[in-house]
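Here's a quick tour of a single protein chain, from its overall build down to a few residues worth a look. Have the viewer open as you read.

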Amino acid sequence: TEGSIVGVKILSQKETEGYGEKLYEIRDGESEPWFLNQFIGKTVSDTIALTEDGGTIDAMTEATITSKAITGSVESGLKKLMKILQ
């Protein structure tokens, strides 16, 4: 209700084999998927975009379209939620 993202979960995906799985990659020394964890703590006042688009979210290597789609969905969803909560 504060407008801060506490987690992102992918319920389903139908991405080309090999690309969609990148969403769930866990880097050495970490316990959660690195790509999705980048959204935690972001708010509607943050620029939720890939670094190449002026934001702070690093795209997944060889999965730029997936990265853009997820980032856009998270941004859109947060904005819609905040309108409902206001």
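## Overall build

Two residues count as being in contact when they have heavy atoms within 4.5 Å of each other. Take the contacts in the protein chain that link residues at least 6 apart in sequence: 52% of them join residues at least 24 apart. Keep in mind that this is a predicted model.

On the secondary structure side, the protein chain has two helices and zero strands. Its radius of gyration is 13 Å, close to the 12 Å that the globule rule gives for 86 residues, so the chain is as compact as a globular protein of that length.

## Surface and charge

Of the 86 residues in the protein chain, 31% are buried. The chain exposes about 5900 Å², and carbon and sulfur atoms supply 49% of that area.

As for charge, there are 9 positive and 14 negative charges in the protein chain, and their mean positions sit 8 Å apart.

In soluble globular proteins, nonpolar side chains tend to be buried together. Here, the largest nonpolar core has 16 residues, and Leu 23, Phe 35, Phe 39 and Ile 70 are the ones with the most contacts inside it. Helix 1 and helix 2 are the elements that give two or more residues to this core, and helix 2 gives the most, with four.

Skip its neighbours within four places in sequence, and Phe 35 still touches Leu 23, Ile 57, Asp 58, Ala 59, Met 60, Ser 67, Ile 70 and Thr 71.

## Two spots in the loop

Now for the loop between helix 1 and helix 2, where you'll find Gln 38. Is Gln 38 buried or exposed? Its relative accessibility is 17%, and the cut-off for buried is under 20%, so Gln 38 counts as buried. Setting aside neighbours within four places in sequence, Gln 38 is in contact with Thr 56, Ile 57 and Asp 58. Ile 57 and Asp 58 also turn up among the contacts of Phe 35.

Gly 41 belongs to the loop between helix 1 (34-37) and helix 2 (64-85) too. With a relative accessible area of 40%, Gly 41 is partly exposed. Which residues does Gly 41 contact, leaving aside its neighbours within four places in sequence? They are Ser 4, Ile 5 and Asp 46. Gly 41 and Ile 5 are 36 residues apart in sequence, yet their C-alpha atoms are 5.1 Å apart in space.

How values were computed
Residues numbered from 1 in each chain as written. Predicted model: local features only at pLDDT ≥ 70, side-chain atom pairs only at ≥ 80, totals over all residues. Heavy atoms only, no water. Rg over C-alpha atoms; globule rule 2.2 N^0.38 Å. Buried < 20%, exposed > 50% of the residue type's maximum accessible area, 1.4 Å probe, protein only. Areas by Shrake-Rupley, 256 points an atom, 1.4 Å probe, with all protein chains shown as cover. Lys, Arg positive; Asp, Glu negative; His and termini not counted. Charge placed at Lys NZ, Arg CZ, Asp CG, Glu CD. Core = buried A, V, L, I, M, F, W, Y, C linked by side-chain atoms within 4.5 Å.
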